[in-house]
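Visitor: I am new to this structure and would like to learn how to read it. Could you take me through it feature by feature?

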Amino acid sequence: MASFQYFPHTGEDVKQMLERIGAGSLDDLYSDVPQDFIYKGEYDLPLAKTEQEVREWFEKLAEDNPRLKVFVGQGAYDHYTPSVISYITSRSEFLTAYTPYQCEISQGTLRYIFEYQSIICELTGMDVSNASMYDGPTAAAEAVRMCVASARKKHTVLVSSTVLPHVMKVIKTYAKYYGTNIVVIPSENGQTSLEGLKAAIDDDFAGALVPSVNRFGIIENHEGFADAIHAAKGMMVEYCDPSALAVVKTPAEWGADVAVGDGQPLGIPLCYGGPYVGFMACRNDCLRKLPGRIVGQTVDKDGKRAFVLTLQAREQHIRREKATSNICSNESLMALWVTVYVSLMGPDGLARVNDICYERSHYLYERLLATGKFEKVFDAPFLKEFVLKPLGPADALRAKLEKAGFFAALPTEDGFVSFCATEKRSIEEIDALVKVIEEDWV
Amino acid sequence: MKYYDKLIFELSKSGRSGFSLPQAPTAPIPASLKRGSAPALPQVSEVDVVRHYTNLSQMNFGVDTGFYPLGSCTMKYNPKINEEVAAMPAFTAIHPLQENVPGIREIYEAMDKSLAAITGMKHFTFKPCAGAHGELTGLMIMREYHLRRGDFARTRVIVPDSAHGTNPASAAVCGLEIVEVKSNEHGLVDVNDLKPLLGPDIAGIMMTNPNTLGLFEGEIKEIAQLVHDCGGLLYYDGANMNPLLGVVRPGDMGFDIMHLNLHKTFSTPHGGGGPGSGPVGVCEKLSDIADDVFVSGFHGNFGVILRAYTYILMLGRENIKLAGKYATLSANYIKESLKDVYKLPIQTVCKHEFVFDGLVDDGSSTGKSGATTLDVAKRLLDYGFHAPTIYFPLLFHQALMIEPTETESKETLDCFIDVMRTIAAEAASDPDLLHNAPHNTPISRPDETRAARQPVVKFADSKQLLN
């Protein structure tokens, strides 16, 4: 057998190790396995490639994917990623560590998670954040379960029809098997209807989830929501875009108990949907029901400031089936990604991102309407994403734009098309996109 | 490692910034929708950020720093070509809702086919983002299978007492009631204990094979037969797949559903606790159901899947047959080299990992309190090793679970063995040296009780406490 770069064993090493064990061969180490389970066939896998061949194989494959200018959001936003981030997150002391079980040699991980929790609390206005979760939709699904777990013997959670479709899908999947009853709150003028919410509250009500900025891109007004939800003894959960939270009213200001969302807009590349990072934060009184890991500050034996995984009595490895969640990891490296991004941007940078998004998306919105090929749908404030009603076939529109190098005009379930313009989209790109529509569609 | 005591917030100075963006007019957001005041986030320059995180990284231990024998976590070497591929802009710039992406579809298909070949399953879903997420997804598939057959009575799932803590937790989140089956004196599922638990209310069983003691469940064929006969399905927790990589396929053992941890068996980095990827494989009759269960936002952690497929291409058909065997060789080598100084409750051949139950001589005969597994773990840090998994599985009071993986050289293992023997000798003569360990790390043992009693979980609270 020729040597392989990831296996350091020489023939002599193997021989000496087997001798120590008292085994005649490597196969003897599987003497406890019924022999008909030992796979004797040839694995249907490619032959081993050299590193150069692997690189070239992926480079060629990458060329097969058209590189488009992204004018769609719907839960994944093409914000700018500063070069510092991947430089930091590639440091192998962060990258190749496990969950920080041995805190004495994991202070790096524990400190940045503490910083991440602090950032999420600042953005949402909440008291406590966990150490992060898989993605926004799963964080939303966990928050729905938290509503039910906090209420006694109540199983209905109301979810706004204006949440992003992929969030709704995951919420419904989790709810189905946990036995949670999901009732969808209707919308009015593109926003969650307060009257609809009130009408849907019954004896089984445990909580409600509403989006801060919704799937139409609209910044929702949640005046009166918390009062209605709390009067019925339910928990209020807000699904948020954390980038937008630098400028729009926070879940805490609206009176929510729990804030969830996806950290992707904070500098994480699109990467075909993952890895991203879910965040979840709550008020102090919900702390013991919060799923996921939490890092806390303490001191070591010598009085030095130290950080540890804390409040673990909530977790699966101690509570097993009585745990608040089955989650045993977080998306630590992506939490670092977000932490470095927010550190670079600061409050002014985040506000600037929103200012540019607002400027570009409104420019796009006006230019599209001026073509006469779209109708206005809603008259409500938006930040970077919006929908229009196309006055022609939406499929042809999307196809023509794609051919011209744009991913834009994504059809929604309501018959609209969705657009998004982040700070990465230049005025020139927007003009070029509009030109395609002017010249080449209906 | 040197101690560095700053938080990024503490470097903040009003007026500094680390961003580079064009100017734009302030967005005219209506006052009723605008946040009251700007968030109190750090205001730091680019160099502040780079130095701060570089300093933090130097208080961290990773696989690239040294040997990481953390049981059940498969801390194998993370190849660097994986990282290069995952960072290719042609992949990172693709929006998840783009449909015309043949290059990406080809990777998913090739990955599906490869994992099917390796495990003997029919088809994989890649949506789960971690091992526990895969367990939950697999159990949802199990429940959906019964529901679609109109069999609503199967609401209980059997979980061995040696199972990973996530197993019962995942089952509970999936709305299943847990029935525990005991281990026998050999550390294996007791078939006689299992039989009376089976019935028309059983959705299935969750098993790890080899189990958390690193032992192969040799009666799996009979267990599979019994569970199938009662109408249940078998779930394979793939956290311990590494010793079987290239040797045994879970599908051949009778498992219907399984998850893999790409961040364990397929060499993708753990990232300090994620992102991982926990694809779930199913047998043919469950293929459609697997695609219908939406457990995450888009297509799973594509960046992790890319890394894992890179590993499979490097490994290839030739080398895969040695991966599991070398992992098993390493574990047995350490076990046999230390069993005279650490208690080995189960003597048989192990797979990728094994469990000691504390020291043979903990030093209590010196009149001092004996050195515990925690003490041994902490002393290992002084010698530049990561500690094994401790106090798991729960079957032993002083469990010390060691998993060396196939990427460690004999020299590294020998060095670890020497240190473990040194620590055993230290324990026997001076247990206080271990009680007070670690001595050479950035911090000494922390006050965990204080952390839990007065939770300080964000910078704003940290400030109040320090003042």
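**Reading the structure step by step**

Guide: Let us begin with one residue: B:Arg445 is buried, with a relative accessible area of 15%. Please keep in mind that this is a predicted model.

Visitor: Which residue does the side chain of B:Arg445 meet in a salt bridge?

Guide: The general idea is that side chains of opposite charge can pair when their charged atoms come close. In this case the partner is B:Asp375, at 2.9 Å from N to O. B:Asp375 is buried as well, because its relative accessible area is 5%, under the 20% limit.

Visitor: Where do B:Arg445 and B:Asp375 lie in chain B?

Guide: B:Arg445 sits in the loop between helix 13 (431-435) and helix 14 (448-453) of chain B, while B:Asp375 belongs to helix 11 (residues 373-382) of chain B. The pair therefore ties together parts that are 70 residues apart in sequence.

Visitor: Which residues are joined into one network by salt bridges that share partners?

Guide: That network consists of A:Lys69, A:Asp78, A:Lys424, A:Arg425 and A:Glu429. Over all chains, the structure holds 46 salt bridges.

Visitor: How should I read a salt bridge inside one helix, such as that of A:Arg145 with A:Glu142?

Guide: Start with the spacing along the helix. A:Arg145 and A:Glu142 are 3 residues apart in helix 6 (residues 136-150) of chain A, so about one helical turn separates them. Their closest N and O atoms are 2.5 Å apart. Next, look at accessibility: A:Arg145 counts as buried at 8%, and A:Glu142 is buried at 2%.

Visitor: And how far apart are the closest N and O atoms of A:Glu195 and A:Lys198?

Guide: They are 4.0 Å apart, and the two residues form a salt bridge. Here too the residues are 3 apart, this time in helix 8 (residues 194-200) of chain A, which means about one helical turn lies between them. A:Glu195 is exposed, with a relative accessible area of 52%, whereas A:Lys198 is partly exposed at 41%.

Visitor: Now for sheets. In what order do the strands of the open sheet in chain A stand?

Guide: Strands of a sheet pair through backbone hydrogen bonds, either parallel or antiparallel. In chain A, 7 strands form an open sheet in the order 2-10-9-8-7-3-4, and the pairing is mixed. Strand 2 (128-129) and strand 4 (181-185) of chain A stand at the edges with a single partner strand each, so one side of each has no neighbour in the sheet.

Visitor: How many bridges join strand 3 to strand 4 of chain A?

Guide: There are 5, and strand 3 (residues 156-160) runs parallel to strand 4 of chain A. To find your place, look for A:Ser160, which stands opposite A:Ile185 in strand 4 of chain A.

Visitor: Which helix of chain A touches strand 3 and strand 4?

Guide: Helix 7 (residues 165-178) of chain A packs on the sheet there, and it also touches strand 7 (205-211) and strand 8 (235-240) of chain A. The direction of helix 7 makes about 155° with that of strand 4 of chain A. Helix 5 (residues 107-124) of chain A lies across strand 2, strand 9 (258-262) and strand 10 (278-282) of chain A, at about 70° to strand 10.

Visitor: Is strand 4 of chain B enclosed or open?

Guide: Strand 4 (residues 202-207) of chain B is largely enclosed by the rest of the structure, because 6 of its 6 residues are buried. Strand 2 (residues 156-160) of chain B runs parallel to strand 4, joined by 3 bridges, with B:Val157 opposite B:Gly204. Strand 5 (residues 233-238) of chain B also pairs with strand 4 in the parallel sense, over 4 bridges, and B:Ile205 stands opposite B:Leu234.

Visitor: How much space lies in the second largest pocket?

Guide: About 860 Å³. Of its 39 lining residues, A:Ser86, A:Pro269, A:Trp337, B:Ala87 and B:Thr92 are the closest to its centre. Helix 2 of chain B gives the largest share of that lining, 4 residues.

Terms used. Residues numbered from 1 in each chain as written. Chains lettered and ligands numbered in written order. Predicted model: local features only at pLDDT ≥ 70, side-chain atom pairs only at ≥ 80, totals over all residues. Heavy atoms only, no water. Pairing = 2+ DSSP bridges. Helix = DSSP H or I, 4+ residues; strand = E, 2+ residues; numbered from the N terminus. Contact = heavy atoms within 4.5 Å. Axes fitted to C-alpha atoms, helices over the stretch in contact; angles between N-to-C directions. Buried < 20%, exposed > 50% of the residue type's maximum accessible area, 1.4 Å probe, protein only. 1 Å grid on protein atoms, 1.4 Å probe; cavity = no way out; pocket = protein on both sides within 12 Å on 5 of 7 lines; lining within 4 Å. Points joined across faces, edges and corners; volume = space filled by probe spheres on them.
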